[in-house]
Every structure is written in C-alpha cells, then in structure tokens.
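Here are my notes on the model you sent. Please read them with the structure open.

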Amino acid sequence: MKKTLLTFVLCATALAGCGSAEDPAKPAADPTAKSTDRSPGRPAEDTGTVAWSTCTGLTGPDGKPAAPDPSVECGTIKVPLDYAKPDGEQIDLALIRVKATTDDRLGSLVFNFGGPGGSGVDTLALAAKAFAGLGTRYDLVSFDPRGVDRSAGVRCGGEVERLLAAGSDADGEKLTKQFTAACEKDSGKILPHVGTVNAAKDLERLRAALGDDKLNYFGLSYGTHLGAVYATHFPKNVGRFVLDSAYDPTVTFEERAVTQATGFATSFEAFAKDCVAQGCDLGKTTAEVKANVEALVEGLKTKPLKVGSRTLNHGLGQLAVITPLYAKATWPMLEQAAASAMKGDGATLLALADSYTGRKPDGTYSTMLTSLQAINCVDSAERPGRAETAAINKKVEKVFPVLASETPVMACSYWPAKGDDEAKRIDATGSAPIVVIGGKGDPATPYQWAVSLNKLLKTGVLVTYEGEGHGAYLSGSSCIMRLVDTYVLSGKVPAANTSCPAA
C-alpha cells in the first residue's frame, strides 16, 4: 500500500451465525494428491530441492536482531529475470520455512501477506504463531517476491525519505520525476520484470522446488491477486487455496482510490462510534471525534509537529490515522495517538506512520513503498496525468478528507518500465475450488471486491465475514478460523455463500 502521496493511495492494497458453524464445509475431491495417496499417519516426504539452512538477518518484534530458531529455515531458488529468456540471467528468490510441528505432514502451505511489496520472509518470521493450527501439518513457507527486499528489491536512492518528508506546498510533479529517475538509476534492470504475472510464474517454480504436486496457498490482500493470477495461468496445479481480503484487479486507479476511500471512511465512522461508546478522549459524540481527528491531520499542513529530530507532517499524519483502521484491535491505538498529538506530542502517530512505510529502527526503509510502486505500474497500462490525478484526488477528498493529498504525484506517468493489463485477466476455469473471503467492514479491500473476484475466478467459493478489519482469518473470528482450518487441513470446501458473524 501507499501513503502520503495520492499515487501511493491509488496503488494501495497492504499487512487483519456462522452459516454452518458445526458443518462449515462440504466434501470435495481432495486437490492435494500427496495427502490422498498415503496411509493415515504416514508423513509426506520432503522431496524438495531447496537447500534450507538457519536464517540470519531476521528481526524480532522489538526491531532488534532475532536469535536463530531451529524451526525456522531460509533458502533461495533461482528464477529467470526475464521469462522470455528462461535460460538467461537469473535472480535469487528469498524463501523462509517454518517446519510442520507434527509428523503427519501434508506438504507446504505458501503465503503472500500482501502489499504488493511486503516481505514474506520478514512477515512469516513474526507471524507464524498466528497460523500455528495450519502449521501442525504443513510447512509454512513464504518468500520475498521479485522486486522485494532480498529478491532483487527495487531501490530508489533516498527518494522515499524525500517523498515522505515533503511539505504540503511541494511540487508533486518534480518529486515524481526525481523519484522515478532514482528508481531507474538504481533498479532499472529489474523494473520491467516485477509484475504479478512474473511473480505467479515464480510461484510455479517455487511449487516445483518444494516438491509439491499442487500449490497450497494462502494469500491476503494483494496476495489474493497473486493467487488469482497463478490460478489463471496454472489452474491444474491449484491445491488448497485461500484468498482472504480479496482484491479485484480489474478496477481502474480511480475506482480503486474512491472505493478504498469509502472503505476507510466507513471504518473511521465505526471507530468513532466505538470510541464514544467506550468513553473517548477525542470527543463526546461521533461527529466530534471525527471532526477533531480531521482537524488534527489538516493542521499538520501548516503546523507539523517536531518529534525529536524528525517532523510529523501532513502526509505522515494521514498514514498514521489510517494504519490503525486496518483492524478493530488497533482502534485504541488511534485514540491514544491522536489524543497525544492534540496535546502536541506526535511520537505515537509518527511510530504508526513508520510501521506503514517500512521505516526501520536505524532510520532506513524496507523496499515496501518502492516495490509497491514498481509492481503496480507494471501491472497496469494506465498512466494518469496531472489533470486526471487531481480529479481523482478531489473525489477522494469528498469521500474521506483524511486521504486527500495536497501534492498528488503521477509516478506511473513517468515510470521507466511499460505496463500492461495481463495481470487483470482472471479466469481459473479448470482449477480446484478456491475459497474467497471478503469482510463487510474491510477498509482496504472492500467486500464488493471479494464478490467480483469470486465471479472472475469461475471456481471461487465465497465466504463472507460480517465484522471489521482487513484480514478475516486474523480478526479473532473463531468461525472463519475453523472454516479455513477445516478446508486447508482436511480438504472440505465451505458451502457456497457461508457467512461468519463479527468476532
């Protein structure tokens, strides 16, 4: 997802009774051949070709180097830089694996946690416990997709920091040109090849390297797009697929921006109501809470807050406000951070913004923002210019002022790599059933996108989560967790149009 500047918002898509609570699934042909061709209790053999070894360079939740963990292994596979030249230059794809905790192993379950641009290596290292139920019988596997961090990550000099530090009166077009020029200078070789179609081909290489007959996959947010593209190109190799917080890749930049603005506005309203109900430091009524937070962000345009040697400006304030809206569990953080900032202390808001931008404790940045930009520009033929971007910004401002930008930029218009719409073609006809989950209160990937992606797939089975937040499996819903675990572990596909209540 992108932040402070409008293009980042346009390109966004972050990492959040039960129809048949006791009978959430119906039997279906088991798509994972390895698990059906063996006797109960006989562990599936690890027949992969990846040379796994102890991970180094991982970071713990406190931002400090993590101690080696024997259950967590890292490795690489080589994939073509250009699939049109499969025997040409190769790049390394960085992998991580958390080994299954029982001997009754079914194979590997591959994760993409979203972005585009998020590091699967870093995320799985921190989040594996949240998927512990699935990790009983699967090796949990993730990777840095091409163009991300350890996998030939897209780097653009110090331009991310420059963009984030820009004031409200900055020249957006000038910033855009500087940013794209730096990306071309530092990462020009990888830029034409980072799109989702190539990433899906990498997934197929990964499946083979893991030694699995089928790809078992769990995609969240943008990861649903990657999974859908894989299923389109390799339908016969689809195993047990879960696409949670589904994204519709066919929408235009404008549709994406306005729909997401609507989603965040709805979540902001829900946050304000909940805050008042709990006794809120931001106001006594829903309208007052919203007005105070909006005024706080607006005020940062002319009076940014100093936080040590850094500055909380308007753009960072925008990111800080939307970050806790991703999950209901983090709403109290928004109340605390905004209340402190209203008293002149912007430290907590700045920390929230840093979590969104991938800023590390040492002041450097992950490739999240640059990778996201690169992937989104390659995945679309659209190249909105100044007038079109400004018009979209005005629509966003009407829906949710907190997301509107004073300095909209048009990075894709100047992007050095061409884009096309191949990643928007979704049709998994011939695949095994694919479970598609959409949340009614999801701000980042609104529910209607799950409905539309489900139809595009042709083999989708839609599951509805009635609660708040981005990422139904991680919402705390026992209904969703039970339904997904049953499907992934036993192969039983949920009944069509199953619905789970809010957690």
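1. Start with helix H7 (residues 222-233). H7 lies across strand E5 (107-112), strand E6 (138-143), E7, E8 and strand E11 (434-441). It runs at about 150° to E8. Axes here are lines fitted to C-alpha atoms, for helices over the stretch in contact, and angles run from 0 to 180 degrees between N-to-C directions. Helices (H or I, at least four residues) and strands (E, at least two) are DSSP runs, numbered from the N terminus.

2. A word on the source. This is a predicted model, in which local features need pLDDT of at least 70 and side-chain atom pairs count only at pLDDT 80 or more, while totals for chains, interfaces and linings use all residues. Residues are numbered from 1 along each chain as its sequence is written, and side-chain values use heavy atoms, with hydrogens and water left out.

3. The sheet is open and has ten strands. Their order is E2-E3-E4-E6-E5-E7-E8-E11-E12-E14, and the pairing is mixed. Strands E2 (53-54) and E14 (498-500) stand at the edges with a single partner strand each, so one side of each has no neighbour in the sheet. Two strands pair if DSSP finds at least two bridges between them.

4. Look inside the sheet at E7 (residues 215-220) and E8 (residues 238-244). They pair in the parallel sense over five bridges. Phe 218 stands opposite Val 242 in E8.

5. How do H11 (residues 331-342) and H12 (residues 347-357) cross, and at what angle? Their axes come within 7 Å and cross at roughly 130°. That makes H11 oblique to H12. H11 brings Met 333, Ala 337, Ala 338 and Ala 341 to the contact; H12 brings Thr 348, Leu 349 and Leu 352. Contact means heavy atoms within 4.5 Å. By class, there are six nonpolar residues, one polar and no charged. Ala, Val, Leu, Ile, Met, Phe, Trp, Tyr, Cys and Pro count as nonpolar, Asp, Glu, Lys and Arg as charged, and the others, Gly among them, as polar.

6. H11 also packs against helix H8 (residues 253-278). The angle is about 80°, with the axes 10 Å apart. H8 and H11 are therefore roughly perpendicular to each other. Angles under 35 degrees count as roughly parallel, over 145 as roughly antiparallel, 65 to 115 as roughly perpendicular and the rest as oblique. Ser 267, Ala 270, Phe 271, Asp 274 and Cys 275 in H8 meet Trp 331, Leu 334 and Glu 335 in H11. This contact has five nonpolar, one polar and two charged residues.

7. Next, Tyr 447, which is found in helix H15 (residues 447-457). Leaving out residues up to four places away in sequence, Tyr 447 touches Gly 438, Gly 439, Lys 440, Leu 462 and Thr 464. The C-alpha atoms of Tyr 447 and Ile 437 are separated by 8.7 Å, and the two residues are ten apart along the chain.

8. Two backbone points deserve a check. Most residues other than glycine have a negative phi, and most peptide bonds are trans. Gly 115 and Pro 116 are joined by a cis peptide bond, with omega about -5°. Pro 116 is found in the loop between E5 and H3. Asp 149 is not a glycine, yet has a positive phi of about 40°. Asp 149 lies in the loop between E6 and helix H4 (159-165).
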